[in-house]
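Let's take a walk through this protein together, going from one residue to the wider fold. Please keep the sequence and the 3D view at hand as you read.

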Amino acid sequence: MTRSLTTRLSALAVSPLLAILLLPPPAIPAPPDPTGLRSITRGEAALTFSSGFIRHSLPLEGVVSQITGDSQTTGNKLLLGKGDVTYLHMARPEDVTPGDLYTLYRRVHEVFHPTQGSYLGNLFIMVGIVQVTQIDGRLATVRILHSYGPITSGDGAMRFAPPPPTEPALAERTLATMTGMIIDLPPQQFLIGQSNVVYIDRGRHDGLQAGDRLDIFRLGSGLPMRLIGEVKVLALEETTATVLVVRSTAPVLRGDRVILKEPPEQAAAKSKRTTPDTLTEELDRLAGIRAGQSPLAQPAPEGLEAVRVRGGSLEEQLAVLARKLEFEPGEAPVKPAGLPILKQIGDLLK
């Protein structure tokens, strides 16, 4: 009896102790990050920062010096990374103090539009972030705090500044259907697919915002329009954007087209109020035509009637029109009756 009572009392005394030990540890608040550096060292934020952008120029405040065994703590590396020490030739050493942070970047190449041939700027990618530890004349000793890729001699340096916060989308934002084109690919990558970054010729000026989704489609090779993937906008310039391929069914190529997807909530709301009277207007929107300017409603050439296409996506409309074209046996030109069809196809592709 005494032993049993002692056992019970011992158990009662131990139970609160076990409860305390099994409680989850209190959350430790994250240390402050006044420089904003930690916010771009992992995840999608790091991908967005490192993938860079297309711009005409960037500030050149320093250049990574020649990399030899003498300019490193150990070894004789040709490519440097996190933790390594190297030197920067500074343009204005009097403005540099120990502790300053610099972004290292690389100018990859000039970018020209694939079809228009116009100059769009230079492709810049970010390769690392360094901190100054010592100044000797025009030479700054720096330690690499973070690297997004190999750092090598000749890479440029500019003062580090965290990316500005993403502006939230307007609650009543109305996005016009727009088409664009993939104008450049990441350097030294040839099979571009899911999880890769590409660059398009649409940007802030066109109404895009970070997080927007666009479908990728392909034209040509004697085949109908093919939907081959989807991209998500990561970062914006005025007339270009850096986007992430979130889905692909074929390798993405420079020159592939993109078209803005409608936000799911807007598509769901619109489907609830779609009626036969609004179907034509919806077809015009899918075709990328502004309201009141539908090529399907434009008059056909004199003596010819335009073919009316109802229902289906843009790709299906094009396929229907293409199947209606007729040719003389052994001839390439279409019959006269196919002229309005060709005009409709041309207007849809615009």
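**Starting from a proline**

Proline 59 counts as partly exposed, because its relative accessibility is 45%, and partly exposed covers the range between the 20% limit for buried and the 50% limit for exposed. Before going further, do bear in mind that this is a predicted model. You will find proline 59 in the loop that runs between strand S1 (53-55) and strand S2 (62-64). Setting aside residues up to four places away in sequence, proline 59 touches Tyr105, Ala157 and Met158. Glycine 156 is 97 residues away from proline 59 in sequence, yet their C-alpha atoms are 8.6 Å apart in space.

Glycine 156 and Ala157 also turn up among the contacts of leucine 104. Leaving out neighbours within four places in sequence, leucine 104 is in contact with Val64, Leu88, Met126, Val127, Gly128, Val130 and Ile151 as well.

Leucine 104 brings us to the largest nonpolar core, a set of 25 residues. Within this core, Leu88, Leu104, Val130, Ile151 and Tyr199 have the most contacts. Two or more residues come from each of strand S3 (85-90), strand S4 (101-112), strand S5 (119-136), strand S6 (139-147) and strand S9 (197-200). S5 gives the largest share, with 5 residues. Apart from this core lies another one, of 18 residues, including Ile200, Ile216, Val243 and Val245.

Now turn to the barrel. How many strands close into it, and in what order? There are 6, arranged as S8-S9-S12-S11-S10-S13, with antiparallel pairing. From one strand to the next, the twist averages 45 degrees. One of the pairings joins strand S8 (residues 179-184) to strand S13 (residues 257-260), antiparallel and over 3 bridges. Here glycine 180 stands opposite valine 258 in S13. Helix H2 (residues 43-51) packs on the sheet, where H2 touches S9, strand S11 (223-236) and strand S12 (241-248). The direction of H2 makes about 95 degrees with that of S11.

Finally, step back to the whole protein. It contains 6 helices and 13 strands, and buried residues make up 36% of its 350 residues. Of the contacts with a separation of 6 or more, 64% are between residues 24 or more positions apart. The accessible surface comes to about 20,500 Å², and carbon and sulfur atoms account for 58% of that surface.

Note on methods
Residues numbered from 1 in each chain as written. Predicted model: local features only at pLDDT ≥ 70, side-chain atom pairs only at ≥ 80, totals over all residues. Heavy atoms only, no water. Core = buried A, V, L, I, M, F, W, Y, C linked by side-chain atoms within 4.5 Å. Buried < 20%, exposed > 50% of the residue type's maximum accessible area, 1.4 Å probe, protein only. Helix = DSSP H or I, 4+ residues; strand = E, 2+ residues; numbered from the N terminus. Contact = heavy atoms within 4.5 Å. Areas by Shrake-Rupley, 256 points an atom, 1.4 Å probe, with all protein chains shown as cover. Pairing = 2+ DSSP bridges. Axes fitted to C-alpha atoms, helices over the stretch in contact; angles between N-to-C directions.
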